[in-house]
Structure formats: C-alpha cells, structure tokens
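Colleague: I am new to this structure. Please walk me through reading its features.

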Amino acid sequence: MPPTNSDESRDLAFQEAIDADRTVEPRDWMPERYRSTMVRQIAQHAHSEIIGMQPEGNWITRAPSLRRKAILLAKVQDEAGHGLYLYAAAETLGVERRELTELLITGRQKYSSIFNYPTLTWADVGAIGWLVDGAAITNQLALTKTSYGPYARAMVRICREESFHQRQGFELLSELSRGTAAQHEMAQDAVNRWWWPALMMFGPPDTESPNTAQSMAWKIKRVSNDDLRQRFVDMTVPQAQALALDLPDPQLRWNDARDHYDFGPIDWEEFRQVVSGHGACNAQRIAVRRAADEDGAWVREAARAWEGRQSSRTSAA
Amino acid sequence: MTAGVAGLWVVDLREVALGLGDDCLVLSHRLAEWTTHAPELEEEMALANLALDLLGQARSLLTLAGEADGRDEDHLAYWRDDRDFHNLLLVEQPNGDFAVTMTRQLLFSTFQELLYRGMAAGTEPRLAAIAAKGVMEARYHVEHARLWVQRLGGGTEESHRRMCRALDLLWPYTRELFEPTESWSRAADQGAVPPLSSLEEPWRHSIESLLADSDLEIPGFPAWQSGGRLGRHSEHLGHLLAEMQHLHRSHPNASW
Ligand SMILES: [Fe+2]
Ligand SMILES: [Fe+2]
C-alpha cells in the first residue's frame, strides 16, 4: 500500500511526541519500523541475559567457597529474571516469547557476542561481573531514558541488580588480586582476556554504525556507541588501579586536553569474526540453549495438557 | 564425651548437624546442575531458589557441626572425602530427567519438612532455630514438587511413563530416611530431634495420597538401599565432590 497523507501525518505526530520526550506506550500507534526495531532490540537484549547465564553458570558447581557459590547462583538467577522481564517487555509489542526463542535457537536473532568467549578460570567470574556487567550498566543506564516505556522501565529495575553484580565481581577480583601469587596471576589473566571484548560490547564505531541515526532520532538510542565506550573506559581505569591489576593496553593514558582517557585501537576484525559465528563458544552456547528447549518440550507439553484438563474440570463442575 | 546444651553430647550434635547439612549441600549441588538446562525460564528461577535455600541451610548446619573442633563451613565442605560425607543416598542420585529431579525433591522435601517441624520444637536451641527457618523453605519445596508430580503424572502419556520410571528408580533409596544412626537416637532421646520412626507414617501418607490423585502409586517392591549416613555412598558422590572440591583444594592456603 503506498503511503497516504494520513500515514505521513501520523509519522510526523509520532516524531513530534518523541521530540517532546513523551514515552511510547504499547497501545500508542507507532511506525512499523519503530516497532520492529524495538522488538529486535529488546529480544536481543533478552537473549543476551539468557545466554549470558552460561559462561558464569559454568563455575557454580566449582565455586571455591560456599559464600561465593551462593552469590554466583543468585547472580545467574537474576540474569534469568532479567531475561523473563525483557521477554515480557517484548510481548507488549505483539510478539511471543516462543517465537523469539525459536529465532534465537535457529540463529536468526543475535545476542551480545561477549558471551561467545569461554570462562577458563574462576577469575573469569569476577572479570565478567566487573567488566561485562559494568559495560552493561553503562549501556543500560542510557537506556533507562529510551523512548519505549516498557523497555525503559525494565532497564531501571535491571540496572539496580546489575550494579550489585558489578560490585560483587570487583570484590571477587579484589580478593584474588590481594591473595596468593597464583590467585593474582589468575585475576590478571582474566582481565587480559576480557578487557578488549568488553570494549567491543558497545558495538562498532559511530562512523560504521548504520542504524544509529534513525535510532537516535527515535530516541531508542540516546548516546552513541563511541560515547558510551568512552564513559566505560573513564569509569573503569581508576577501578583497575584500585584492584592493582593492569589493563592490557599500552596506549591507555589520561588526556588532559580531552578530559578523557585515550585508549588503543580495537581489533574490529575479531569483533566481526565473533559476531558472525566464529567465536570460541558460539556453537556451544546455542547448542546448550536448544538442547534445554528440546529436552524440556515434554515437560511443557505435560503442563499444558494438565492445565487444560484442570480448566475443563472446573468448567464442567 | 562432652555434654553440651540440653544434655546432648557434642559428638552427637555434630553428627546430626553434619548429616543434615550434607543432605542440603549435596542436593543443592544437584539442583544447581540444572542451571541453563531447565525446561523453561520460570523453572530456571525456581530450581535456583531451591538450590539457594538448601545451600543456605547447609551453611548454617555445617557451621554448627564444625563449631566443636573449630572447622568452618568451607573446611567441612571442601576437605572431606566421600567416606566422611553423611548425606542420604537419595540426594546424591543424578538429576536424570525432570521427572526424576521432581520425584527426588518430593521424597526428600516431604521428609525434610516433617523433620524440621519436629526439630524446630526440639530442645537444642541452635538446631531448633535452623529448623524453624528451614521449615518454611521446605514447605515451598514440597508445594513445588507436588505441583510438578501432579502435572507430570496427569499430563501426557509420556510424562506419566517418565514419572513411573522415576518412582521405580528412586524408591529403593527411601528406606534410609527412617533409619536412625546411634547419634540420632541419642539426640532423639534428649528431645533435640524427632525420632525418625515417628516421621515415616505421615511421610508415606502424604506421598501416597498425592500419587493416588495423579494415577501413580508407590512401587510394590521394598526399599532396601542404605549406608549414606554411615559414609557408604553410591559411585555418584565421588564425582560430585571431585567437581565441587577441586578448585578449593588446588589452592590450599588461599581465601576467596
Ligand atoms: Fe542482567
Ligand atoms: Fe548482571
């Protein structure tokens, strides 16, 4: 159908509302592209929470103290909660969790590529909490002001928990860094491996980020990739100093003129490889998620059948 | 032997707390193994809740058990070999499918709730305090397991078949629940814990009535396995402990 005048005026009114900083709510009219962009973004965020349970879940049964085990179990459970909460936000846009899960396990929708790196030692649990949750907070704080109401509200709640996770990760690393020589080395090795991938979490540089302009106009995205990355670096460098751990970047130094830290070039080829499926764990992460879904099918089916029988019993009574 | 509070020997308190603590620790580990493998996200949350509750109980009980000789919860969790673990055989059984996991939970949590109710009213104040908190958690675990056993028992042909198999698989390990060690019997004589024989009838009744509702029944063969409380375990526990303990043991003097 060709666009009519009324479509154009609706588009205009929508943009005006956005410009006036009004949030978009599920029942409001919205351009189809806004809706589909929002669905994709929220779904990918939800998938990231769920896939993100795997690298850390990898260490629950081996956690080196019962206290740390409890903290980690609770954290991974929080991530499941974030996933659920975000799938619910996506559902306000007329899609179902089932369809989105299908898109994830068939590789048609993505998740944050950071989770395609393996957790090789216990220190990786700390590095993920500190750096990956730290980067997530930087991203998500900006998203608390995103234009789609249910997503923005989900971010407020999720950010509170993420900052716990970040503090716990920092504390875990701090204990290792001040611990035995082997523990310190373990912590440094983890930071060496997670630093650059954490910087990649903010996405490609602004000059190569095709979706940014429209997303900024619709206020889906409020701060650009490069600005968020800079915020994260500025926040994290002093924390690394407090941890007595080095960040693996010889070009990292304070720049008085810019009032920011300068940092070295990111290996975008590595980013492209991991995003396009060639990271260490891409296949493994999806296989685990798919197996859980397939192995659980008979359980969900039984629950549905039982539910059905209960409600027909109630209506017969 | 040293007499402790309420006439209970320290060695008996230690052994009772250790057995109950090991039940919680080992079952918590099994439940945590479900992480990222649960049949749906809601269940991912629920299984983690169960695991966390049990881990919390394990920590309190092990701390109490270690008090007498100054060993802390981590020392007890990470530095004992399987012959020194006193948990029931039931809780160390592998997760199997979701029907096995929920059946194991039903059999154990129903027992644990009854036991905690008795212990919460018992004469040993620290055991009573742990039980009073634990009983609310156990109640929720029982509710959760009952709901799933009903759904699976009365769901589809496949889920019903899997439930029957799970019951056959786990029933042999239920005898041990009601076999007191010598320490347990002495603690029961002092009123610190309930006599296990007093729990068997309400336990069986609770499970039997649920199964009857779900077109299921208690297997016709007798339960015969036991030995966990005395440190004679199945082959499974050694593997579980190897995984749980290896990192801690690799850094003997580290703190985490
Ligand atoms: Fe999260
Ligand atoms: Fe998090």
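Modeller: Start with a pocket. Helix 13 of chain A gives the most to the lining of the second largest pocket, four residues. Helices are DSSP runs (H or I, at least four residues), numbered from the N terminus. This is a predicted model, where local features need pLDDT of at least 70, side-chain atom pairs count only at pLDDT 80 or more, and totals for chains, interfaces and linings use all residues. Residues are numbered from 1 along each chain as its sequence is written, chains are lettered from A and ligands numbered from 1 in the order in which they are written, and side-chain values use heavy atoms, with hydrogens and water left out.

Colleague: What is a pocket, and which residues lie nearest the centre of this one?

Modeller: On a 1 Å grid over the protein atoms alone, a pocket is an open set of points where a 1.4 Å probe fits, with protein on both sides within 12 Å along at least five of seven lines; lining residues have an atom within 4 Å of a point. Here 16 residues line the second largest pocket. Nearest its centre lie Arg97(A), Arg98(A), Arg300(A), Pro39(B) and Glu40(B). Helix 5 (97–105), helix 12 and helix 13 of chain A each give two or more residues to this lining, as does helix 2 (41–66) of chain B.

Colleague: How do the lining residues divide?

Modeller: Asp, Glu, Lys and Arg count as charged; Ala, Val, Leu, Ile, Met, Phe, Trp, Tyr, Cys and Pro as nonpolar; the others, Gly among them, as polar. The lining has 10 charged, five nonpolar and one polar.

Colleague: How many salt bridges are there between chain A and chain B?

Modeller: A salt bridge puts a side-chain nitrogen of Lys or Arg within 4 Å of a carboxyl oxygen of Asp or Glu. Two are counted between chain A and chain B. One pairs Arg97(A) with Glu42(B), at 2.4 Å from N to O. Over all chains the count is 38.

Colleague: How many residues does each chain bring to the contact?

Modeller: Contact means heavy atoms within 4.5 Å. Chain A brings 46 residues and chain B 48.

Colleague: Where do Glu32(A) and Arg35(A) lie?

Modeller: Both are in helix 2 (residues 32–51) of chain A, three residues apart, about one turn of the helix.
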